[in-house]
Amino acid sequence: KILLLTLLILTIYFFLFSSFFNLKNIRFEGEAETATTLTPKIEETLKPFRETHLFKINTEEIQTILKQNFPEITEIKVTKKYPKSLQIEFQKHPLKANIINESATTKKTYIVNSVGQAVKEDFESPNLPYIHIITEEPLNPKTPLLKSSELDYIIKSVEDFNTRFGMKIL
């Protein structure tokens with residue numbers, strides 16, 4: 001019985017306190033694999049969790065942290081892969097439009113996603129519609145540039161105009 005008890009205690013110690021189960025790897029799956037600009041930023045955000053025992057890591061907390069830090073992510077799933085890894089799968093909001101913002105001091109271009117969040121600054125995609133916005137102060141790219149409903153309304157209106165009149169709005 002003492003041998004069995006000792007074996008049980010050693011096993012519990014191994015699973016709960018051994019560095020064998022410390023987080024060493026973060027793997028990306030699905031769309032996350034192709035999101036080369038986001039994966040290094042996500043790894044940097046999760047740096048404080050490195051060398052943390054996998055049993056102590058709360059995957060829901062990590063999902064919340066990532067959603068707060070990366071608004072371009074629409075869905076995220078974090079899974080523990082024993083003995084040393086986290087697997088992260090995510091999907092990004094689709095790109096919707098180019099925003100050209102002219103203010104008294106600057107002219108900036110942004111690509112926004114379907115929730116109006118600026119994904120790229122000083123960049124354009126000719127495959128996306130253009131929306132020209134004139135403001136007194138420059139728009140803040142840290143907040144949504146347009147509400148999702150406004151963005152959808154503008155894009156739908158442009159598409160409707162193109163369909164009805166066969167002309168493109170510039």
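How much space lies in the largest pocket? The answer is about 570 Å³. This is a predicted model, in which local features need pLDDT of at least 70 and side-chain atom pairs count only at pLDDT 80 or more, while totals for chains, interfaces and linings use all residues. Residues are numbered from 1 along each chain as its sequence is written, and side-chain values use heavy atoms, with hydrogens and water left out.

**Pockets**

A pocket is found on a 1 Å grid over the protein atoms alone, as an open set of points where a 1.4 Å probe fits, with protein on both sides within 12 Å along at least five of seven lines; lining residues have an atom within 4 Å of a point. Its volume is the space filled by probe spheres set on the points.

The largest pocket is lined by 18 residues, and those closest to its centre are Lys-41, Glu-72, Ala-118, Val-119 and Lys-120. Helix H3 (38-45) and strand S6 (118-121) each supply at least two residues of this lining. Strand S6 gives the most, with 4 residues. Helices (H or I, at least four residues) and strands (E, at least two) are DSSP runs, numbered from the N terminus.

The second largest pocket has a volume of about 340 Å³. Among its 15 lining residues, Pro-129, Tyr-130, Val-158, Lys-168 and Ile-169 are the closest to the centre. Strand S7 (130-134) and helix H5 (148-165) are the elements that give two or more residues to the lining of this second pocket, and H5 gives the most, with 4 residues.

By class, the lining of the largest pocket has 7 nonpolar, 5 polar and 6 charged residues. The lining of the second largest pocket has 10 nonpolar, 3 polar and 2 charged residues. Here Ala, Val, Leu, Ile, Met, Phe, Trp, Tyr, Cys and Pro count as nonpolar, Asp, Glu, Lys and Arg as charged, and the others, Gly among them, as polar.

**Salt bridges**

The structure holds 6 salt bridges, each a side-chain nitrogen of Lys or Arg within 4 Å of a carboxyl oxygen of Asp or Glu. The table gives three of them.

| Salt bridge | N to O distance |
|---|---|
| Glu-51 and Lys-24 | 2.8 Å |
| Asp-152 and Lys-96 | 3.8 Å |
| Asp-160 and Arg-164 | 3.1 Å |

Asp-152 in helix H5 and Lys-96 in strand S4 (residues 95-102) are 56 residues apart, and their pair links distant parts of the chain. Asp-160 and Arg-164 are separated by about one helical turn, because they are 4 residues apart in helix H5. Asp-160 is partly exposed at 33% relative accessibility, whereas Arg-164 is exposed at 62%. Buried means under 20% relative accessible area, exposed over 50%, and partly exposed in between (1.4 Å probe, protein chains only). Glu-51 is partly exposed at 45%, and Lys-24 is partly exposed at 33%. Lys-108, Glu-121 and Asp-122 are linked in a network of salt bridges.

**Aromatic pairs**

A search of the whole structure finds 5 aromatic pairs. One of them, Phe-20 with Phe-21, is edge-to-face, at 5.2 Å centre to centre and 90 degrees between the planes. Rings of Phe, Tyr and Trp (its six-membered ring) pair if their centres lie within 6.5 Å; planes under 30 degrees apart count as stacked, over 60 as edge-to-face and the rest as tilted. Phe-20 is partly exposed, with a relative accessible area of 36%, whereas Phe-21 is buried at 6%. Ring pairs link Phe-20, Phe-21, Phe-55 and Tyr-82 into a cluster.
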